[in-house]
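I opened the model today to look up a few places in the fold. The entries below follow the order in which I went through them.

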Amino acid sequence: MAKIVRNRIEAHQQTGLSDQLMLCWRAKNTLFQLTKNEYEDNLMLSVRIIHSVTRINLIIAAAMVIQLMAGAVMAIAAAAEDPASYPPKLTEQAVRDLVTRTQAGRPRLLMGPRDVQVLRERAKDDAAFRPVAQAVLRDADAMLAIPPIERVMQGRRLLNESRRAVRRVLTLATAHHLTGDQKYADRAGREMLAAAAFSDWNPSHFLDVAEMTFALAVGYDWLFDQLDVPTRQTIRTAILEKGVRVPLDTKHTGWTRARNNWGQVCHAGMVAGALALLEDDVEAAVRTVHRALENVPLSMAMYAPRGSYPEGPGYWSYGTTYNVLLIAMLESVLGTSFGLDQAPGFDQTGAYPALVTGPSGSTFNYADGGSGRGTEPAVHWFAARYGRPDWLLGDARPRQRALTASADAGSGSNRFLPLLILWMQDSAAAEAVRMPLHWTSDCKTPICLHRSSWEDPNAVFVGLKAGSPSGPHGHMDAGSFVLDADGVRWAVDLGAEGYHRIESRGMSFWSSAQNSDRWRVFRQSNHSHNTLVIGDALQVAAGDTKVVQFSDAPAFPHSVVDLTPVYAGQARTVHRGVALLASGEVLVRDRLTGLKPGTAVRWGMVTPGTPGAVGQSSLLLQQGEAVLRLRILLPAEGAWALSDTAQPKNEWDSPNPGTVMTAFQAVAPDSGPLDLAVVLTPGSRQPTPPDQINLDAPLQWKPYASGRK
């Protein structure tokens, strides 16, 4: 039964407040609803705990009510200009009024003083939570024996050291609060002093500054009472002079209006530092928070309209984790998100990692990123905030890997694992999967996903990519696809090339111009992707492809992409359709028109499978006991061949061990279209006779079902 907690707070009526204002927030499976009603000179605040599923959650709920009540009153005043608006439209003075009235204790970033005891109780009483605490302590113990970070650059970046600092400080500070043992606080202090002694945190690559600032801000705040006065002074000075004040006082501001992950990460890092030192430099805090509220929406526009992320799942993890941290810090210190959580699509993006993860556990890693998935504390935050435990699907496997791995003290990987201490939800709590089997992103970098089941570990999963090579972290991968079946990944994306590897050779890796060195890198070009190559030419970097048909109809779910813009000058029209057949097979169907007669078109698919005999229209791939058969139905004379992808194509390319491209070539006829059709049949499925497969051109497939899911 819902519990009502009422607290009458005497306060003068705030000018411009509407007659009723409601703020809502979620934490730990608990939805809080804060309502303000005006009664003459008083404010009535009601906090309703709408849903809480465990005793521990009720404790956390009560603690957060007490902690946030005072801040919420000030948040209402600050939000008075337009409390429901997105993007936020507060003046700097409105932020100043809120900041100057805030009296936050310590810790204040992400959690409050009462949360510490709650976390210790949860680690003791909650069997699902206990392994997380044990993993944090395992890593913290390993960190005790290693030296602190040093200012070692990798090319133009200090980012590896910044990420090590985040991981170590978060882990050690969390270990202290779980145990009360001073040794963890002392070791975290040495880590922060080492970073504070750096000449700078490399502001020319501002991500480095942002992550280092976040690391020291959390350590300073969470361990404030455990650090001696000289240590606090040194860390405080470094956060201000090498972090927060850098973009306020110097030219290093190019990131402030970024429309990609840079905006999310950098603003979050600066806000962390500013809020940790709220009392020490009020004006810096005001300007930093206001700047974030003005500019982060530029990055958050990426989530519209359905929660997808144009830079792929790897960068979703990076940018979105810091976006969540930004909102969580604003709420924990100032009592409000300022409406940032109202960004279109943000309330759906918690589903994105599950949607793009296949039954094999690999992600659809378009753009720059690998296919491996790590545990995502941010997904737990979303699942709790929006009441969607089914969004945690796919997280259990990487979380278990992280919790059972050997102690890792040196790297910056899994640096956000300790945040599970704050946000972890029970992934077994999902009574039913509410996510669709078939989904399209409807955004500037479109992807389409089709799967046969959420529950069957042998389900078929196929993802299709559209968009532009010149998009953020883009590849020439328009028309490319990935495929899972029978528990393994069959069609793979080779992922990103190492940035430093290319930059160190003086190559222009970050230009998307047609003649950029970026497209000379094998992993970036269409030659390495599961798409078409016409006449051995590159795709057109400026081309922008669209999804022109999508159907979630159970009888014939499919997607069609108009690839014409990336083959401009090579063909008149190019369309690719991908369909999940009722048999569980996948059909890939292409039609090209306006080709120069005699032009060769390559159809390719990179796979980790071991191929059988080639030279015919049917090819068998094998991984362990799983098999996949590839059948060329069009053209009739098509025959499979193999192309080596394991060995580097150029001295600057990385090897891709364990992979090979299965491919065939078709020649443009003297007149008429060129039609290609391939059916991929998992070993667990029965092959459908060719005359029973819909081989119509993709644009002739029936389009939308009754509604997109």
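Entry 1: I began with strand S16 (residues 610-611) and strand S17 (residues 618-623), which pair in the antiparallel sense over two bridges. This is a predicted model, and I read the pairing from it as such. For Thr-610 I looked up the bridge partner in S17 and found Gln-622. The hairpin of S16 and S17 has six residues between the strands, and Gly-615 there takes a positive phi near 95°.

I then followed S17 to its other partner, strand S18 (residues 626-634). S17 and S18 run antiparallel and are joined by six bridges. Leu-620 has Arg-629 as its bridge partner in S18. In the hairpin of S17 and S18 I counted two residues between the strands, and Gly-624 has a positive phi near 60°.

**Entry 2: the sheet around them.** Where do S16, S17 and S18 sit in the strand order of the sheet? I found an open sheet of eight strands with antiparallel pairing, in the order S11-S12-S13-S14-S21-S18-S17-S16. Strand S11 (546-551) and S16 are the edge strands, each pairing on one side only.

S11 pairs with strand S12 (residues 558-562) in the antiparallel sense, over five bridges. Opposite Lys-546 I found Asp-562 in S12.

**Entry 3: Leu-223.** I moved to the helical part and looked up Leu-223, which lies in the loop between helix H7 (206-222) and helix H8 (229-244). Is Leu-223 buried or exposed? I noted a relative accessible area of 0%; the cut-off for buried is under 20%, so Leu-223 is buried.

Which residues touch Leu-223, leaving aside neighbours within four places in sequence? I listed Ala-173, His-176, His-177, Ala-185, Ala-188 and Val-218 as its contacts.

**Entry 4: helix H8.** I went on to H8, which has 16 residues. From its first C-alpha to its last, H8 reaches 21 Å, close to the 22 Å expected at 1.5 Å a residue. Among the buried residues of H8 I noted Thr-231, Arg-232, Ile-235, Arg-236, Ala-238 and Ile-239. Leu-240, Lys-242, Gly-243 and Val-244 are buried in H8 too. What covers these residues? I found that the cover includes helix H6 (182-196), H7, helix H9 (246-249), helix H10 (261-276) and helix H11 (282-300).

**Entry 5: the second largest pocket.** I looked up the second largest pocket and wrote down a volume of about 440 Å³. Its lining has 25 residues, and Pro-359, Leu-393, Gly-394, Arg-397 and Trp-454 lie nearest the centre. By class, the lining divides into twelve nonpolar, six polar and seven charged residues. Which element gives the largest share of this lining? I found helix H15 (residues 396-404), with three residues.

**Entry 6: the whole chain.** I closed with the totals. The protein chain has 17 helices and 21 strands. Of its 709 residues, 60% count as buried. I also looked at contacts between residues at least 6 apart in sequence: 71% of these join residues at least 24 apart.

Terms used:
Residues numbered from 1 in each chain as written. Predicted model: local features only at pLDDT ≥ 70, side-chain atom pairs only at ≥ 80, totals over all residues. Heavy atoms only, no water. 1 Å grid on protein atoms, 1.4 Å probe; cavity = no way out; pocket = protein on both sides within 12 Å on 5 of 7 lines; lining within 4 Å. Points joined across faces, edges and corners; volume = space filled by probe spheres on them. Helix = DSSP H or I, 4+ residues; strand = E, 2+ residues; numbered from the N terminus. Nonpolar A, V, L, I, M, F, W, Y, C, P; charged D, E, K, R; others polar. Buried < 20%, exposed > 50% of the residue type's maximum accessible area, 1.4 Å probe, protein only. Contact = heavy atoms within 4.5 Å. Expected span 1.5 Å × (residues − 1). Pairing = 2+ DSSP bridges.
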